Amino acid sequence: MPAHAFLPTTLALPALQPARGRPRTLRPDSAKAERRSSPEVAERVRPLTRGQVADRLQELGDLYAETSGGDAWAWNQARATFLRRLAADARRPGFSLLIAETTALAGYAYGFPAADAGPWWAGFGGPLRGSLLRRAASGGLFVVSGIVVPPRVRREYRDQVWNLARRLQRRLLADHGAALGVALVDARDARTVETMRSWGWRNAGDDTLPAVPPGPFRVLVLAPGT
């Protein structure tokens with residue numbers, strides 16, 4: 001079995017395909033909202049309990065598919081695949097999901113604290129594994145496994161502290177007292193890597209973790225407060 005089969009799922013970030021075949025769900029004043037990105041006020045960020053996540057799974061899946069775009073078939077496929085992954089992550093110990101909302105769901109992010117043992121680590125080797133395990137053992141490592149925000153948040157004001165994606169990821173780490181966030185991205189997914197780096201993420205090797213040899217995944221890390 002290849003080593004990467006033991007790794008957690010890669011980061012869930014909508015694919016941003018051209019929208020066709022299914023109307024968008026628009027909020028009031030949506031045209032005006034599309035001209036800005038995550039103003040300092042507007043979206044209220046709060047956590048959901050596991051029960052609330054289960055109750056709102058369909059709504060969470062709808063927003064993921066709507067922000068992904070694509071035709072009706074792609075919309076349904078993206079939604080179904082995403083919900084399976086979200087349900088699996090929601091069973092992990094310490095799972096946490098934050099939503100941003102105004103009068104409707106505006107975005108969300110989720111993840112879980114990394115444990116110091118188990119199959120999550122089986123695909124990592126060498127200095128990186130040791131560095132990650134030490135952080136996990138002290139409770140200081142949080143895996144961010146999904147960030148779902150409107151396309152404009154990925155295009156505009158990405159370096160601003162009030163950008164919605166930055167607010168969500170920063171709050172996830174702060175709520176869990178994490179010393180470092182970590183995410184896996186498919187090495188072929190250059191768009192996601194570029195987006196994450198624009199939100200303050202760095203390749204392992206850029207900062208406090210050893211560099212990762214070429215492989216199927218990119219390991220990205222995030223410092224608290226970023």
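Figure 1. Y110 is buried, at 1% relative accessibility, where buried means under 20% relative accessible area, exposed over 50% and partly exposed in between, with a 1.4 Å probe and protein chains only. The model is predicted, so local features need pLDDT of at least 70 and side-chain atom pairs count only at pLDDT 80 or more, whereas totals for chains, interfaces and linings use all residues. Residues are numbered from 1 along each chain as its sequence is written, and side-chain values use heavy atoms, with hydrogens and water left out. A search of the whole structure finds six aromatic pairs; rings of Phe, Tyr and Trp (its six-membered ring) pair if their centres lie within 6.5 Å, and planes under 30 degrees apart count as stacked, over 60 as edge-to-face and the rest as tilted. F95 and Y110 form a tilted pair, with 5.9 Å centre to centre and 50° between the planes. This pair links distant parts of the chain, as F95 lies in the loop between helix 4 and strand 2 and Y110 in strand 3, 15 residues apart. Helices (H or I, at least four residues) and strands (E, at least two) are DSSP runs numbered from the N terminus.

**Figure 2. The aromatic cluster.** Ring pairs link Y64, F82, F95, Y108 and Y110 into a cluster. F95 is buried, with a relative accessible area of 10%. The rings of Y108 and Y110 have centres 6.5 Å apart and planes at 20°, so this pair is stacked. Y108 and Y110 are both buried.

Figure 3. Helix 4 comprises 19 residues, 72–90, and reaches 27 Å from its first C-alpha to its last. That span is close to the expected 27 Å, which is 1.5 Å times one less than the number of residues. The buried residues of helix 4 are A74, W75, A78, R79, F82, L83, L86, D89 and A90. Seen down the helix axis, they fall within an arc of 155°, so they line one face of helix 4; the arc is that of the directions from the axis to the C-beta atoms. On the other side of helix 4, W73 and R84 are exposed. The cover over the buried residues includes helix 2 (50–55), helix 3 (57–68), strand 2 (96–101), strand 3 (105–113) and strand 4 (141–148).

**Figure 4. The surroundings of P47.** P47 belongs to strand 1 (residues 44–48) and is partly exposed, at 41% relative accessibility. Not counting residues up to four places away in sequence, P47 touches Q52, L97, L98 and R171, contact meaning heavy atoms within 4.5 Å. P47 and I99 are 52 residues apart in sequence, yet 6.2 Å apart in space, C-alpha to C-alpha.
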